[in-house]
Amino acid sequence: MTETATAAAGQVSDEELLARFPGQPVDHDSAAHYRGRLAHRLLINRCGDCGTWHQPPRPVCPACWSSNVVATEVAGTGTVHLAIFLHQGPPAPGVDYATPHPVVTVDLDEQPGLRFTSTVVDADRERVRVGDRVALEWIDRGGAPLPVFRVVEAAGSAGGESA
Ligand SMILES: [Zn+2]
């Protein structure tokens, strides 16, 4: 993270932020997260008092009820917790359900049970498994940066089920 990137993302007005992410759940609680996307920083809310992370964004810490919640950058590394393959879904630029489209929920390394859901790049159905190690990447979708994952270390043959 750099101060420059932080400042640049912070200068985006609420109106521009909404315009950059049409159809996305941009609101008071998630605005910092989406501003982070513009700077290619994956920001997850963390409690400034007890240190607990939570996702999706909420205004109050689920562990200690503190409202001292700070959007904080994560490394974006983690382990695939759930992998599904969509054969149909809402139309989205760059999404081809005929492939079908992979969706993974990743256990982020920062905290057990802290999970973020997105897609996987360059991975077909046979190559995405529960237990795979992944790393964060950024792609452009509809003109907006989208945090995605890439498999960096395949799980063993004991990998879990994929629906
Ligand atoms: Zn807390």
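**Strands, core and metal site**

Colleague: In β6, which residue is the bridge partner of T105?

Modeller: This is a predicted model, in which local features need a pLDDT of at least 70, side-chain atom pairs count only at pLDDT 80 or more, and totals for chains, interfaces and linings use all residues. Residues are numbered from 1 along each chain as its sequence is written, and side-chain values use heavy atoms, with hydrogens and water left out. Strands β5 and β6 pair in the antiparallel sense over four bridges, where two strands pair if DSSP finds at least two bridges between them. Within this pairing, T105 has as its bridge partner in β6 the residue T117.

Colleague: Which residue in the turn between β5 and β6 has a positive phi?

Modeller: These two strands form a hairpin, with six residues between them. The positive phi, of about 85 degrees, belongs to G113.

Colleague: How many bridges join β4 to β5?

Modeller: Strand β4 covers residues 78–86 and runs antiparallel to β5. In β5, V104 is the bridge partner of A83. The number of bridges joining β4 to β5 is eight.

Colleague: How many of the residues of β5 are buried?

Modeller: A residue is buried when its relative accessible area is under 20%, exposed when over 50%, and partly exposed in between (1.4 Å probe, protein chains only). By that rule H101, V103, T105 and D107 are buried on one side of β5, and P102, V104, V106 and L108 are buried on the other. For strand β5 (residues 101–108), the count of buried residues is therefore eight of eight.

Colleague: How is the protein chain built up, and how many helices and strands does the protein chain have?

Modeller: Helices (H or I, at least four residues) and strands (E, at least two) are DSSP runs, numbered from the N terminus. From that end, the elements run α-α-α-β-β-β-β-β-β-β-β. Of the 163 residues, 37% count as buried. The secondary structure comes to three helices and eight strands.

Colleague: How many aromatic pairs are there, and at what angle do the ring planes of F116 and F149 lie?

Modeller: Rings of Phe, Tyr and Trp (its six-membered ring) pair if their centres lie within 6.5 Å, and planes under 30 degrees apart count as stacked, over 60 as edge-to-face and the rest as tilted. The count by this rule is two pairs. In the pair of F116 and F149 the centres are 6.4 Å apart, and this pair is edge-to-face because the planes lie at 70 degrees.

Colleague: How far apart in sequence are the parts that this pair ties together?

Modeller: F116 is buried at 4% relative accessibility, and F149 is buried at 0%. Since F116 lies in strand β6 (residues 115–118) and F149 in strand β8 (residues 144–153), the pair ties together parts separated in sequence by 33 residues.

Colleague: Which geometry does the site of the zinc ion have?

Modeller: Donors are N, O and S atoms within 2.8 Å of the metal (3.2 Å for Na, K and Ca), and water is not among the atoms, so sites may look incomplete. Here the SG atoms of C47, C50, C61 and C64 coordinate the zinc ion at 2.3 to 2.4 Å. Four donors count as tetrahedral if all angles lie between 85 and 135 degrees, while four count as square planar and six as octahedral if opposite donors are over 155 degrees apart and all others between 65 and 115, anything else being irregular. With angles of 103 to 116 degrees among the four donor atoms, the site is tetrahedral.
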